Amino acid sequence: MAKEETMNTEVMTEETSLPQPRRSIAFIGSECYPFVKTGGLGDVMYALPKALAGLNCDVKVIIPRYHCIPWEYQEKMVYRGSFEMDLCADGKSYYVGIMEYVHDGVVYDFIDNDEFFTSGNPYLNLVDDIPKYCYFCKAALAALNYMDWIPDVIHCHDWQASLVPVMLRTQFAETAIRDAKTILTIHNLRFQGVYNISTIRYWTNLPDDVFNIDVFKTGYEDANMLKAGLAYADAITTVSETYAGEIQTPFYGDGLDAHIRHHSGKLRGIVNGIDVGQWDPKADTRLAAPYDITEVLEKKKQNKRALQEELGLEVDENKFVIGLISRLTNQKGLDLVNEILPGLIDGNTQVVVLGTGDAVYEASFRNFENWYKGSVCSCIMYDESRAHRIYAGSDALLVPSLFEPCGLTQLIAMRYGTVPIVRETGGLKDTVEPYNMFYQQGNGFTFDRYEAGLLYDAVNRAKTVYFTDRWHWDEMVQRNMAKDVSWEASAWKYRDLYLELRP
Ligand code: ADP
């Protein structure tokens, strides 16, 4: 339902002018900015609860208390309680501690257990991650009961939280929390939490009858945690409408397309936004020259020069700078980038890569930097501040993904007046309107089939407009900055869904 329609049907109270009725939502997921973030999920777990708090929702976010959470947050956490919880099939129980931190109207509860959450990185390997997230799902539900905070809706994110709907309807069916409704949001279908049945049965102690082909079972002896969550959730969402359609096909379905088609009646796509406070080029203290839409054309040149200096590139504001900020995995279309990159380096173009991931891509981008010193810079690292400066200092941002559930980098790019060059898949298709030179509309350059030649053509189309029609390029830069990429519209859609589940 569109926001305007919702506004009309909502009852607004005069004193608060907030939409009524109030709903309480527990967000359960494995990462959340600024505590711990490895990708877009971390951004969403931060920005959506904040946006919902502004729509009269009472929001609690539950994540693990990893050791890597910066001390500045750890020291502000307040001990909320602790208890022992039965977990395993042999009756082994574990400590659950709850640490709390409140910020911007959102309550963050961290599940504390040194045995599971000691590592620096939230994700290690499945051998460690499967027990960790079995524990986490059960501990999150038990913590809600312990705190006597019974939400209307429990909103779970990705496979790490996908046992919550299953446990709620089985192990917690007779407890205080039983009436809560569940939503499972798929941020990336590639990751499903698959391991052998006996291990997952041991770590969850779930009843035998859920290990059947309709819930957990996949292949001969494996259990798929995401599949089980999808079967038990009251509603399923994913992060764009196009991706909601794509995952019902074999190519994008990662083996779950038939299961998702079966449950498609409760599936919908709601596109992500970004937190426009977190990503605000005018208030961004990490930039050499912060800017708004009236200053972008001049200030972007300054940011570009500062970026070139920082990265050891030839300092020249007339170069066309292409940014790429990404996990380095084959999902992100890097095979296409590797194929075309030598062809892009023509003396007028520079490429800046920021990312970590598969060794093969890290090595290839390092090689490109060596071969094209001064024109290519590959920052093989995770660096939040540098990401901001690349968004601001680049002219274009490349997102040629093989598949992309939503993608946030193209949204951030537009907010920073940078032109996205994207493949028409998932959320990229839903958020980037192709440039139309006849009507002077659109936000970026797009291509459809996953082919290097088509990506090359899209980049060259962008370069042609940049070098030969700067007036219209600059208009697109400003159009992008004016585009609404905030959570506003989508937060309303989630709120509508909560009200549908709990009228
Ligand atoms: P995904 O969730 O698939 O990794 P998204 O486009 O949804 O991709 O989100 C990526 C988020 O992670 C963006 O906020 C982006 O700026 C950030 N990011 C990705 N790689 C890096 C990196 N190496 N350094 C800093 N930020 C990064």
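Visitor: Which residue of strand E4 stands opposite Ile 28?
Guide: In E4, the residue opposite Ile 28 is Ile 62. The pair belongs to strands E3 (residues 23–28) and E4 (residues 57–64), which are parallel and share 6 bridges. Strands (E, at least two residues) and helices (H or I, at least four) are DSSP runs numbered from the N terminus, and two strands pair if DSSP finds at least two bridges between them. This is a predicted model, in which local features need pLDDT of at least 70 and side-chain atom pairs count only at pLDDT 80 or more, while totals for chains, interfaces and linings use all residues. Residues are numbered from 1 along each chain as its sequence is written, and side-chain values use heavy atoms, with hydrogens and water left out.

Visitor: How many residues of E3 are buried, and which residues lie on each face?
Guide: In a regular strand, side chains alternate between the two faces of the sheet. Buried means under 20% relative accessible area, exposed means over 50%, and partly exposed lies in between (1.4 Å probe, protein chains only). In E3, 6 of the 6 residues are buried, so the strand is largely enclosed by the rest of the structure. One side carries Arg 23, Ile 25 and Phe 27, the other Ser 24, Ala 26 and Ile 28, and both faces are covered.

Visitor: Which residues cover the two sides of E16?
Guide: E16 (residues 349–354) has 6 of its 6 residues buried. Thr 349, Val 351 and Val 353 are on one side, with Gln 350, Val 352 and Leu 354 on the other. The strand is joined in parallel to E15 (residues 320–325) by 6 bridges, and Leu 354 stands opposite Ile 325.

Visitor: In what order do the strands of the open sheet with E10 run, and which stand at its edges?
Guide: The order is E10-E12-E11, with antiparallel pairing. E10 (194–196) and E11 (217–218) are the edge strands; each has a single partner strand, so one side of each is left without a neighbour in the sheet. Between E10 and E12 (residues 222–224) there are 3 bridges, and Tyr 195 has Ala 223 as its bridge partner in E12.

Visitor: Which residues of helix H6 are buried, and where do they lie around the axis?
Guide: An α-helix has 3.6 residues a turn, so residues three or four places apart point the same way. In H6 (residues 197–204), the buried residues are Ile 197, Ile 200, Trp 203 and Thr 204. They span an arc of only 140° (taken from the directions between the helix axis and the C-beta atoms), which puts them on the same side of H6. After H6 comes Asn 205, with a positive phi near 55°.

Visitor: Where else is phi positive in a residue other than glycine, and where is a peptide bond cis?
Guide: Most residues other than glycine have a negative phi, and most peptide bonds are trans. Asp 104 has a positive phi near 50°; this residue sits in the loop between E6 (93–103) and E7 (106–112) and is partly exposed at 43% relative accessibility. Asp 148, with phi about 55°, lies in the loop between H4 (126–147) and E8 (153–157) and counts as exposed at 60%. The bond between Tyr 33 and Pro 34 is cis, with omega about 0°, and Pro 34 is in the loop between E3 and H2 (40–53).

Visitor: How many cavities of 30 Å³ or more does a search find, and which residues line the largest?
Guide: A cavity is a set of points on a 1 Å grid over the protein atoms alone where a 1.4 Å probe fits but cannot get out, and lining residues have an atom within 4 Å of a point. Among the lining residues are Asp 43, Asp 275, Trp 279 and Trp 487. The lining divides into 6 nonpolar, 2 polar and 2 charged residues, where Ala, Val, Leu, Ile, Met, Phe, Trp, Tyr, Cys and Pro count as nonpolar, Asp, Glu, Lys and Arg as charged, and the others, Gly among them, as polar.

How values were computed
1 Å grid on protein atoms, 1.4 Å probe; cavity = no way out; pocket = protein on both sides within 12 Å on 5 of 7 lines; lining within 4 Å.
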